[in-house]
Each structure stands twice: as C-alpha cells, then as structure tokens.
Amino acid sequence: MKNRLRVLRAEREWSQQDLADRLGVSRQSVNAIETGKYDPSLPLAFKFADVFEMPIEEIFLRD
Amino acid sequence: MTTGHAKRRYHLRMAVAMAIYIASLFVADWLIEDRGVTGIAAVMLASVPGLCVAAIFWILARLVIEESDEFLRLLYIRQIIIATGIALTGASVWGFLELYMLVPHIDAYWWPVIWCLGTGVGGIYNKLTMGTSGNCT
C-alpha cells in the first residue's frame with residue numbers, strides 16, 4: 001500500500017521519531033510503514049488520521 | 001502500555017530465569033553428582049534447569065502479548081517462527097540420522113539452545129527483509 005507519510009511529515013517538519021511519539025509506536029514502525037514494508041492495522045491507520053487530522057484515504061493510497 | 005515497558009519486563013524476566021538456570025545447574029550437579037542425592041529429590045533437582053529453559057518460551061509469549069507496537073509484535077513472531085522451524089527441523093533430521101547410526105547422539109537439551117540461536121537467524125532475516133531486526137533475544 002502506498003502512502004504520503006514522507007510528504008506529510010516534511011510539511012510539518014516532523015522526524016520519524018516525532019511522528020512515532022505522537023502515535024505511541026516505535027520509530028522502526030513508522031519507518032517500515034513509510035517505506036511500504038509494513039501495512040498498518042486499521043486501528044493504527046485511524047491513529048495516523050487523527051495525528052495528521054485528515055481522512056485515512058488521503059494518507060494511505062491504493063496500489 | 002508502551003514498547004519500552006514490555007521490553008524492560010522481558011529483560012528482567014530473562015535475567016531472573018537465567019540466574020535461576022545457572023544456579024540450578026550448579027546445585028543439581030553438586031547434590032546429585034557429588035552428594036549422591038537420588039529418587040524424587042534428584043528428579044526435582046534435575047528438572048529445574050529444564051523448567052528455566054521452558055520459562056524462556058513463556059517470557060517470549062508474554063513479550064508478544066504485552067508489546068503494544070504491532071510492527072514489533074510481527075517481528076518477534078517472525079523470529080519465533082523461524083527459530084521453531086530451525087530447531088524442529090534440526091531435531092527431526094538429526095533424530096532419524098541418529099536412528100540409523102549415521103551421526104553421534106546429541107542430548108535433547110541442546111535443541112532449545114539451537115532454538116535460541118534460531119531467533120538470532122530470525123533477527124537477521126527481519127533485518128534483511130524489514131530493515132530492522134526486532135531483536136527479541
């Protein structure tokens with residue numbers, strides 16, 4: 001699954017660790033999700049939506 | 001519950017289990033080999049090191065259950081599956097080779113040791129495929 005995490009982080013000037021802290025997960029998780037190695041569960045995807053204050057489908061994109 | 005809490009509990013439990021394991025080895029060796037303890041007492045003494053090794057599996061299960069980070073949970077489970085595959089494959093193949101006298105006997109307590117080494121292989125596999133090891137050992 002593709003995502004816009006890198007761009008969204010850059011817009012907010014957040015490091016992967018900053019985002020991980022906001023989500024309550026490890027930096028490795030953010031890195032794996034951002035690079036497409038791991039697709040998050042639906043609850044975690046909703047957390048991303050809450051943190052970025054935007055709908056899930058504007059963060060995660062269909063392949 | 002945060003990632004750090006689960007890992008700290010894991011390290012504490014592992015340290016306690018390993019301390020009891022090492023102490024029980026010395027005590028069992030001293031009482032059974034040197035002092036001649038026999039019967040049910042010897043069975044109980046000889047069982048303690050093995051039960052400490054069994055505790056490793058319980059500790060890892062608790063780590064998987066208590067870890068709140070779903071990605072790290074995935075890495076731990078992958079490590080455990082790979083370690084289990086290596087150890088059980090090794091035990092099966094070696095067992096049959098032993099049966100037909102093609103290889104020397106290996107004491108059964110070595111297979112959990114192979115399993116622990118297998119988690120290291122699982123960590124390397126995680127590193128190569130997911131970019132991070134997970135590192136549950």
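Eleven residues of domain 1 of chain B are in contact with 14 residues of domain 2 of chain B. This contact is described here from a predicted model, in which domain 1 of chain B covers residues 1-68 and domain 2 of chain B covers residues 69-137. Taken over C-alpha atoms, the centres of domain 1 and domain 2 of chain B are separated by 19 Å.

**Chain B as a whole**

The secondary structure of chain B consists of four helices, with zero strands, and its elements follow the order α-α-α-α from the N terminus on. Along the principal axes, the C-alpha atoms of chain B fill a box of roughly 50 × 40 × 15 Å. Of the contacts in chain B that join residues at least 6 apart in sequence, 72% link residues at least 24 apart. Buried residues account for 28% of the 137 residues of chain B, while its accessible surface amounts to about 8,200 Å², with 74% of that surface belonging to carbon and sulfur atoms. The charged side chains of chain B number 9 positive and 9 negative, and the centres of these two sets lie 13 Å apart.

Within helix α1 of chain B, which spans residues 3-34, lies Ala23(B). With a relative accessibility of 40%, Ala23(B) counts as partly exposed, because this value falls between the 20% and 50% cut-offs. Between Ala23(B) and Ile59(B) there are 36 residues of separation in sequence, and their C-alpha atoms are 19 Å apart in space.

Helix α3 of chain B, residues 70-99, contains Leu88(B), which is exposed at a relative accessible area of 55%.

Gly122(B) belongs to helix α4 of chain B, residues 110-130. Its relative accessible area is 0%, so Gly122(B) is buried. When residues up to four places away in sequence are not counted, Gly122(B) touches Gln79(B) and Ile82(B). A separation of 34 Å, C-alpha to C-alpha, is found between Gly122(B) and Val43(B), which are 79 residues apart along the chain.

**Chain A**

Chain A comprises four helices and two strands, and from the N terminus on these elements run β-α-α-α-α-β. The radius of gyration of chain A is 10 Å, close to the 11 Å that the globule rule gives for 63 residues, so chain A is as compact as a globular protein of that length. The C-alpha trace of chain A spans about 25 × 20 × 20 Å along its principal axes.

In chain A, 44% of the 63 residues count as buried, and the chain exposes about 3,800 Å², of which carbon and sulfur atoms supply 47%. Among the contacts of chain A between residues at least 6 apart in sequence, 59% join residues at least 24 apart.

**Two glutamates with positive phi in chain A**

Glu13(A) has phi near 55°, a positive value in a residue other than glycine, and phi of Glu53(A), also a residue other than glycine, is likewise positive and near 55°. The loop that holds Glu13(A) runs between α1 (5-12) and α2 (16-23) of chain A, whereas Glu53(A) is found in the loop between α4 (42-52) and β2 (60-61) of chain A. Glu13(A) has a relative accessible area of 72% and is exposed, because that value is over 50%. Glu53(A), at 73% relative accessibility, also counts as exposed.

**Accessibility of the residues discussed**

The table brings together the relative accessible areas of the individual positions named above.

| Residue | Relative accessible area | Class |
|---|---|---|
| Glu13(A) | 72% | exposed |
| Glu53(A) | 73% | exposed |
| Ala23(B) | 40% | partly exposed |
| Leu88(B) | 55% | exposed |
| Gly122(B) | 0% | buried |

Definitions and conventions: Residues numbered from 1 in each chain as written. Chains lettered and ligands numbered in written order. Predicted model: local features only at pLDDT ≥ 70, side-chain atom pairs only at ≥ 80, totals over all residues. Heavy atoms only, no water. Buried < 20%, exposed > 50% of the residue type's maximum accessible area, 1.4 Å probe, protein only. Contact = heavy atoms within 4.5 Å. Areas by Shrake-Rupley, 256 points an atom, 1.4 Å probe, with all protein chains shown as cover. Lys, Arg positive; Asp, Glu negative; His and termini not counted. Charge placed at Lys NZ, Arg CZ, Asp CG, Glu CD. Rg over C-alpha atoms; globule rule 2.2 N^0.38 Å. Domains from an automatic or database assignment.
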